[in-house]
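Let's take a friendly walk through this chain, one feature at a time. Keep the viewer open as you read.

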Amino acid sequence: MTATLKNTRNFLFNNIVLVVFFFMIIFAGFSSRNFYTYTNIINILNQVSYLGIIACGMLFVILTSGIDLSVGSILALSSIIIAVNLENLGHSLPYSILLAVFAGAAAGLISGFLVAKANIAPFVVTLAMMTIGRGVALIISKGRPILVSNDFLANFALMGVLGIPAPVIVLAVFVVFSWFILQKTVIGRIIIAIGSNETATEYAGIKVSLYKIFVYVYSGIACGISSIILVSRTGVGSPILGEGLELDTIAAVVIGGASLAGGKGKVLNTVLGALILGIISNIMNLLGIPGYNQRVVKGLIILAAVLAESLKSKKSN
């Protein structure tokens, strides 16, 4: 009996994110009878899709003890690039999408290079990139949203397979790909090793700078892909898209149990963290709680997640 209790306690301790997720689902069901409706669940999944993708990119950065504050601005810039190329320049949709993803990767490359080669703190570099990216988006769009009339893109968020929306399918593919990199490739093991002990990794003869650049490029690519989903959902490319998104993204990663000190984090837990945020927002919307209150709740959740991780680390040690 004692062994069973111990095993149960250890399971709950090691899977606290999963426990919180199921608790939130149960609590949401009691809070509103509309929560379990098909329409509401699909709405949650659609809302979480772009956040989950960017959170996976952010996880790669945080695993190396870095941070990327520019994700919201890069997403906005990518959305403007899609809209401008489609509506103003008359380019094809594939070309516009590739250019948007390339722009996200290029922004990540610049950030990664400055962090890895110039040894500038990630916080400072990505804070500057956040301002630059938003500024460039405002300049290109002249401070105005650009309507997108492409039929395929306009209907993309409404498409689906077997009742699963297209944005959720994109999220699932990106999650599986990210999981594969971290769990099944040498690249993933090195990324985790850098966050755990960068000096030891360097002494092992590994070019740490290349992998640091890679994680910021990956984060930028995630932003470019997410911009496609947001443009489809909103119907516009806008320089104000993604404002405050960096906080939600970091929150999803932290709630998922990743350590801001680096070297610890899982892709699936990060997605659960994004889903938890989505469920919380959905519950408060169903209950008619104002958006300002939701910010306070999210802040408290982040603090609770960091505190829980700190206590868990102390117990493990």
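## Ground rules

Helices here are DSSP runs of H or I with at least four residues, strands are runs of E with at least two, and both are numbered from the N terminus. This is a predicted model, in which local features need pLDDT of at least 70 and side-chain atom pairs count only at pLDDT 80 or more, while totals for chains, interfaces and linings use all residues. Residues are numbered from 1 along each chain as its sequence is written, and side-chain values use heavy atoms, with hydrogens and water left out.

Ser-79 sits in helix α4, and so does Ser-78, the helix covering residues 71-88. Are these serines buried or exposed? Ser-78 has a relative accessible area of 0% and is buried; Ser-79 is buried too, at 0%. Buried means under 20% relative accessible area, exposed means over 50%, and partly exposed is in between (1.4 Å probe, protein chains only). Cover extends along the helix, with 16 of the 18 residues of α4 buried.

Along its length, α4 reaches 25 Å from its first C-alpha to its last, close to the 26 Å expected at 1.5 Å a residue. The expected span is 1.5 Å times one less than the number of residues in the helix. Just after α4 comes Gly-90, with a positive phi of about 70 degrees. Ser-78 and Asn-119 are 41 residues apart in sequence, and their C-alpha atoms are 27 Å apart in space.

## Helix α3 and its bend

Helix α3 runs over residues 38-63, and its 26 residues reach 35 Å from first C-alpha to last, close to the expected 38 Å. Where does α3 bend? The bend is at Ser-49, by about 35 degrees, taken as the angle between axes fitted to the seven residues ending there and the seven starting there. Because 19 of its 26 residues are buried, α3 is largely enclosed by the rest of the structure. After α3 comes Ser-65, whose phi is positive, near 70 degrees.

## Aromatic pairs

The structure holds nine aromatic pairs. Rings of Phe, Tyr and Trp (its six-membered ring) pair if their centres lie within 6.5 Å; planes under 30 degrees apart count as stacked, over 60 as edge-to-face and the rest as tilted. Phe-35 and Tyr-36 form an edge-to-face pair, 5.3 Å centre to centre with 80 degrees between the planes. Phe-35 is buried at 4%, whereas Tyr-36 is partly exposed at 46%.

The pair of Phe-177 and Tyr-218 is stacked, because the centres are 6.5 Å apart and the planes are at 25 degrees. This pair links distant parts of the chain, with Phe-177 in helix α8 (residues 166-184) and Tyr-218 in helix α11 (residues 208-234), 41 residues apart. Phe-177 is partly exposed at 46%, while Tyr-218 is buried at 5%. Both belong to a cluster that ring pairs build from Phe-60, Phe-174, Phe-177, Phe-214 and Tyr-218.

## One salt bridge

How many salt bridges does a search of the whole structure find? It finds one, where a salt bridge is a side-chain nitrogen of Lys or Arg within 4 Å of a carboxyl oxygen of Asp or Glu. The partners are Glu-198 and Lys-212, whose closest N and O atoms are 3.1 Å apart. Glu-198 lies in helix α10 (residues 198-203) and Lys-212 in helix α11, so the pair ties together parts that are 14 residues apart in sequence. Glu-198 is partly exposed at 27%, and Lys-212 is buried at 13%.

Ile-110, Phe-113, Leu-114, Ile-120, Phe-123, Val-124 and Leu-127 make a nonpolar surface patch of about 590 Å². The elements giving two or more residues to the patch are α5 (93-116) and α6 (122-141). Patches are made of residues with over 30% relative accessible area and no salt bridge, like charges being joined within 9 Å and nonpolar side chains (Val, Leu, Ile, Met, Phe, Trp, Tyr) within 5 Å. Areas come from the Shrake-Rupley method with a 1.4 Å probe, and for residues only the protein chains shown count as cover.

Ile-120 lies in the loop between α5 and α6 and is partly exposed at 34%. Asn-119 lies in the loop between α5 and α6, is exposed at 67%, and has a positive phi near 55 degrees. Lys-142, in the loop between α6 and β1 (146-147), has a positive phi of about 60 degrees and is exposed at 64%.
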